[in-house]
Amino acid sequence: MTPDPHDTYLIYDGECPACRNYVRFVRFRDTVGTLHLIDARKAPGWVQQMQQQNMPLDDGMVLIFNGRYFHGADAIHHMALLSSGSGLFNRINAQLFRSRSLSRFLYPILKACRNALLFLLAKKPLKHS
């Protein structure tokens, strides 16, 4: 699992409705190259690789862009910078998360909501899948 440095990868929890919908609605500019959406629940090798790189997917999604890895708040911040701005969702997303400090402030809240949602849905953490 060596990512192509010319492609963009987004690794997320496919059983989390919030994560799944976020990934479904976010639109990237054409300049990101080929986008690979990777459902971590179906790709345990990626889960293990991210864990080894100290980027546990239970703590946040991972964006790989131009060979660089972004995790959690940094991932959503960079996704906002790369977003196309098309549609209401993408404009709001870009406005909220273009600020690194606001991304870092909001991300723990989003993560807590994700964890509560997974608990209510009786979904195991990725490291136990």
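Predicted model: local features only at pLDDT ≥ 70, side-chain atom pairs only at ≥ 80, totals over all residues.
View 1. Thr 2 is exposed, and its relative accessible area is 75%. Look for Gly 67 as well: 65 residues separate Thr 2 from Gly 67 in sequence, while their C-alpha atoms are 9.8 Å apart in space.

**View 2. Helix H2 and its two sides.** Helix H2 covers residues 44-52, and its buried residues are Trp 46, Val 47, Gln 49 and Met 50. Viewed down the axis of H2, these buried residues fall within an arc of 170°, so they line one face of the helix. An α-helix has 3.6 residues a turn, so residues three or four places apart point the same way. Which strands do the buried residues of H2 pack against? Their partners are S1, strand S2 (35-39), strand S3 (62-65) and strand S4 (68-71). Turn to the other side of H2 and you will find Pro 44, Gln 48 and Gln 52, which are exposed. After H2 comes Asn 54, with a positive phi near 60°.

View 3. The structure holds 1 cavity of 30 Å³ or more. The space in the largest cavity is about 30 Å³. Its lining is made up of Val 47, Gln 51, Pro 56, Leu 57, Asp 58, Leu 126 and Lys 127. Sorted by class, this lining has 4 nonpolar, 1 polar and 2 charged residues. You have already met Val 47, one of the buried residues of H2.

Notes
Residues numbered from 1 in each chain as written. Heavy atoms only, no water. Buried < 20%, exposed > 50% of the residue type's maximum accessible area, 1.4 Å probe, protein only. Helix = DSSP H or I, 4+ residues; strand = E, 2+ residues; numbered from the N terminus. Arc of directions from axis to C-beta. Contact = heavy atoms within 4.5 Å. 1 Å grid on protein atoms, 1.4 Å probe; cavity = no way out; pocket = protein on both sides within 12 Å on 5 of 7 lines; lining within 4 Å. Points joined across faces, edges and corners; volume = space filled by probe spheres on them. Nonpolar A, V, L, I, M, F, W, Y, C, P; charged D, E, K, R; others polar.
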